[in-house]
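Keep the structure open as you read.

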Amino acid sequence: MELTKQEQAMLNGEEGYAVRKSLEILVALGEIFGAKNLIDVGSVQVSGVSYHNLGDAGLEFLDSLAKDGKVKVLTTLNPAGMDLENWRQLGITAEFAEKQNLVIDAFQRMGILVSCTCTPYLIGNLPLYSEHVAWSESSAVTFANSVLGARTNREGGPSALAAAFVGKTPCYGLHLNENRVPDVHVKVETEFSKLSDWGALGYAIGKKAENKIPYITGIKTAQLDELKSFCASTVTYGTKPLFYIKNITPGSDQQTLPKETVTIEVSDIKNAYDSINDNIDEIDFVCVGCPHCSIKEIQEIVNLIQGKKVKEGTELWVATSRTVKQLADKRGYTVTIETAGGKFACDTCMAVAPLEGRFKALATTSAKGCFYSRQNLMKTKMGSMKECIEAAVSGKWGN
Ligand code: F3S
């Protein structure tokens, strides 16, 4: 890979340990993937924030970088393993909280904005069309590439962090025009009535277009919350982190329709629900906000839960960024949800919090949430926001 004089100096250690280590990571990655050079990035989103996933070895690595490393571009974090303020309320142990705080402290010393969210685009980390960025979390990467038209590979935690210290990333993969061409035409021949249908659609497309870039036709309208849900599921269940929806996402008018065609019918959506939903009635955990809730979704929760009570023995978590929660505080939404017995889970989510063995059966709006909760040994149900809030109130699915 060709390096500029300044990049070579960084590799020689002239800007300290963290920058040298970062250059080593970026050069190694670039050489594996055949990048010719490094390119500037406008922002970074770093995953690998939960102590649950990092462990002591990860913490040590971060600490070593934090000794002399400062990020060069706007950098935000993926969800951590706990709500950084109300971790006790979510049943997190003091031992875990202590380690998680050390992780956050290391990121803070690096100059990273401690905004732990998978929806950075809702809180000010909003790339422009065709801007190069280095993001990590799969739903955010897919949103950046597809809905915003920005350009990012799906970075690992260390390579994203390296991009933040250098302000650059190797130019390969989805940074290049030739790798952003759709290779399968997905004809959608069904209508959607609720948010979770978009999760089911992502599941169905993920299975039929594995490791491909779909060009989707047949969808007439889409809202931001629907697209963020779709971004999370399609990449979780198999596609590359980029898609086009005709007349809806940027750049869709510049693409040629791929020859290979698959169709999504009502039966595919039904099959997706059948695969995601287990045969259970009792629900002890309801978690909405995967990806993190927008203020509009929180408003919907408020309308559904006002004057009701979460059933004893069932927990309701509303996962969101701290910034969006502050808006909810101001609008009186927080007090309504908490009066009903719901809990905010800011800075964290059901996939990265240490939840294994704590709950038996999850209800959620999110196909991705179901995928990861099964790894935490939960049975799962996916449905609309209304169905989820009803499950929180009754402790049952479908009552
Ligand atoms: Fe976000 Fe966690 Fe879901 S990172 S997309 S809330 S699994």
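Start with helix 6 (residues 157–166), which is mostly covered: 9 of its 10 residues are buried. Buried means under 20% relative accessible area, exposed means over 50%, and partly exposed lies in between (1.4 Å probe, protein chains only). Helices (H or I, at least four residues) and strands (E, at least two) are DSSP runs, numbered from the N terminus. The buried residues of helix 6 are G157, S159, A160, L161, A162, A163, A164, F165 and V166. After helix 6 comes G167, with a positive phi near 80 degrees.

A word on the source. This is a predicted model, in which local features need pLDDT of at least 70 and side-chain atom pairs count only at pLDDT 80 or more, while totals for chains, interfaces and linings use all residues. Residues are numbered from 1 along each chain as its sequence is written, and side-chain values use heavy atoms, with hydrogens and water left out.

Now the domains. The assignment gives domain 1 (5–177), domain 2 (181–275) and domain 3 (277–394). Such bounds come from an automatic or database domain assignment. The C-alpha centres of domain 1 and domain 3 lie 27 Å apart. Their contact takes 24 residues from domain 1 and 21 residues from domain 3. Contact here means heavy atoms within 4.5 Å.

Which residues touch the most other members of the largest nonpolar core? They are V44, F107, M110, L161 and F285, out of 46 residues in that core. A nonpolar core is a set of buried Ala, Val, Leu, Ile, Met, Phe, Trp, Tyr and Cys residues joined through side-chain atoms within 4.5 Å. Strand 2 (43–46), helix 3 (51–66), helix 4 (94–109), helix 6 and strand 11 each supply at least two residues of this core. Domain 1 and domain 3 both give residues to the core, so it lies between them. A second, separate core has 36 residues, including A200, F243, A272 and A367. In soluble globular proteins, nonpolar side chains tend to be buried together.

Leaving aside neighbours within four places in sequence, F285 is in contact with T314, E315, W317, M350, L355, F359, A361, L362, A363 and M378.

Two strands pair if DSSP finds at least two bridges between them. Inside this sheet, strand 2 and strand 3 (residues 74–77) pair in the parallel sense over 4 bridges. Q45 has T76 in strand 3 as its bridge partner.

Strand 7 (residues 184–188) has parallel partners too. It is joined to strand 10 by 4 bridges, and K187 stands opposite T263 in strand 10. Strand 7 also pairs with strand 8 over 4 bridges, again in the parallel sense. There, H185 has Y215 as its bridge partner.

S130 is not a glycine, but has a positive phi of about 70 degrees. S130 sits in the loop between strand 4 (113–116) and strand 5 (134–135), and is partly exposed at 35% relative accessible area. N247, also a residue other than glycine, has a positive phi near 65 degrees. Its loop runs between strand 9 (244–245) and strand 10, and N247 is exposed at 68%.

Finish at the ligand. Its shell is P79, C118, E137, S139, G289, C290, P291, C349, A351 and K368. A residue is near a molecule if one of its heavy atoms lies within 4 Å of it. Domain 1 and domain 3 each supply at least three residues of the shell. Strand 11 (residues 285–293) gives the largest share, 3 residues. P291 lies in strand 11, and the peptide bond from C290 to P291 is cis, with omega near -5 degrees.
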